[in-house]
Amino acid sequence: MAMDYWFSEHHTENVKFSVKVDKHLFTNETDLGRVDIFESPEFGKFLAVDGYIIFTEKDEFIYDEMLSHVPMAVNPKAKSVLVFGSGDGGVVEEFLKYDTIERIDLVEVNEGVIEACRLYFPETSGCLDDPRVTTYTENALRFIRHIDREYDIIVVDSAGFYGPGESLLTREFYGSCFKALSDDGIMVNQHQSPFYDDDRLETQRAHKRIVDIFPISKIYQAHIPTYPSGYWLFGFASKKYHPTDDLKAEEWNRLGIRTDYYTTRLHRGCFALPAYVERMLKEVEDSE
């Protein structure tokens with residue numbers, strides 16, 4: 001009798017998200033965590049770290065496009081980008097669609113993620129060989145601590161705010177990002193889901209730190225089916241650009257970049273948040 005195999009991720013103690021899998025393709029465990037790659041009939045191949053789905057072939061485009069094109073449509077003249085995480089190359093691949101980008105530095109603390117993705121996701125990780133890209137495997141905070149006004153865009157694509165990602169919630173980390181950005185620099189970051197209690201607290205903690213450091217700090221949203229609750233937030237923080245007032249829609253559309261999720265119309269709409277999320281963010285914005 002044929003057996004069904006399922007990968008299950010606990011979204012809370014009471015909620016589990018399960019994906020049917022055909023094959024367990026890869027596993028590797030180091031002190032930085034366990035990396036697994038599975039093949040599934042619905043989502044294609046997917047990467048999990050410590051039991052959490054990081055991306056799947058089917059819905060990865062949403063996440064990658066929302067971290068890259070949102071800041072680029074506000075500052076299409078950006079030349080230098082720093083990406084924390086995203087060892088699969090998905091976010092980097094989107095930035096490489098811009099001829100104006102001269103330099104992308106990728107900092108991925110877990111070398112195992114890069115190696116696994118090179119084996120099983122060559123279509124995205126191949127972009128890491130582009131001459132404009134330099135890859136560093138080290139701690140994010142250690143990397144950025146001494147950098148001064150070098151980047152136009154910083155992307156904080158952490159898998160979560162636990163383990164190696166813990167330092168990404170500190171005032172020092174976001175303060176260092178601010179210092180490392182050019183005078184009109186933009187930082188975008190994944191911001192968890194606001195739906196479940198534990199995730200909501202992480203969202204609030206990160207937002208509070210960023211609001212205290214950046215003069216402009218806004219939150220935007222996307223629908224990502226395999227992430228907890230399917231509803232995900234991102235942060236946009238800038239020294240001078242407002243994400244919708246300063247949107248260069250016509251200029252961006254003239255570039256003719258093909259996307260599957262992002263549009264400049266969606267850009268305007270994604271900053272309009274549900275009432276419960278607005279209240280949740282205001283709680284920490286108003287707190288001392």
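1. Let's begin with a hairpin. Strand β3 (residues 23-30) and strand β4 (residues 33-40) pair in the antiparallel sense, over seven bridges. The two strands form a hairpin with two residues between them. Within this pairing, Lys23 stands opposite Glu39 in β4. A word on terms: helices (H or I, at least four residues) and strands (E, at least two) are DSSP runs, numbered from the N terminus, and two strands pair if DSSP finds at least two bridges between them.

2. Before going further, please keep in mind what kind of model this is. The model is predicted, so to speak of local features a pLDDT of at least 70 is needed, and side-chain atom pairs count only at pLDDT 80 or more, while totals for chains, interfaces and linings use all residues. Residues are numbered from 1 along each chain as its sequence is written, and side-chain values use heavy atoms, with hydrogens and water left out.

3. Now follow the hairpin into its sheet. β4 is also joined to strand β5 (residues 44-49) by six bridges, and these two run antiparallel. Here Ile37 stands opposite Leu47 in β5. Together the strands belong to an open sheet of four, in the order β3-β4-β5-β6, with antiparallel pairing. Which strands stand at the edges? They are β3 and β6 (52-56); each has a single partner strand, so one side of each is left without a neighbour in the sheet. Neighbouring strands of this sheet are turned by 20 degrees against each other on average, direction ignored.

4. Helix α3 (residues 111-120) lies across β3, β4, β5 and β6, and runs at about 20 degrees to β4. For such angles, axes are lines fitted to C-alpha atoms, for helices over the stretch in contact, and the angles run from 0 to 180 degrees between N-to-C directions. Contact means heavy atoms within 4.5 Å.

5. Step back to the whole chain. It has ten helices and 13 strands. Its radius of gyration is 18 Å, close to the 19 Å that the globule rule gives for 288 residues, so the chain is as compact as a globular protein of that length. (The radius is taken over C-alpha atoms, and the rule is 2.2 Å times the number of residues to the power 0.38.) Along its principal axes, the C-alpha trace spans about 60 × 45 × 35 Å. Among contacts between residues at least 6 apart in sequence, 67% join residues at least 24 apart.

6. How much of the chain counts as buried? Of the 288 residues, 56% do. Buried means under 20% relative accessible area, exposed over 50%, and partly exposed in between (1.4 Å probe, protein chains only).

7. Two residues have a backbone angle worth a look. Phi of Ser86 is near 55 degrees, a positive value in a residue other than glycine. Ser86 lies in the loop between β7 (80-85) and α2 (90-95), and is buried, with a relative accessible area of 5%. Gln192 is not a glycine either, yet has a positive phi of about 70 degrees. Gln192 sits in the loop between β11 (181-190) and α7 (197-213) and, at 6% relative accessibility, counts as buried.

8. That loop between β11 and α7 also holds His191. Is His191 buried or exposed? At 0% relative accessibility, His191 counts as buried. Leaving aside neighbours within four places in sequence, the residues in contact with His191 include Thr203, His207, Trp232 and Phe234.

9. Finally, the aromatic rings. The structure holds 18 aromatic pairs. Rings of Phe, Tyr and Trp (its six-membered ring) pair if their centres lie within 6.5 Å; planes under 30 degrees apart count as stacked, over 60 as edge-to-face and the rest as tilted. Tyr136 and Phe143 have ring centres 5.0 Å apart and planes at 55 degrees, so the pair is tilted. Tyr136 is partly exposed, at 29% relative accessible area, whereas Phe143 counts as buried at 12%.

10. Compare that with Phe236 and Phe271: their ring centres are 6.2 Å apart and their planes at 85 degrees, so this pair is edge-to-face. Phe236 lies in strand β13 (residues 231-238) and Phe271 in the loop between α9 (264-270) and α10 (275-285), so the pair ties together parts that are 35 residues apart in sequence. Phe236 and Phe271 are both buried. They also belong to a cluster linked by ring pairs, with Tyr63, Tyr220, Tyr227, Trp232 and Phe234.
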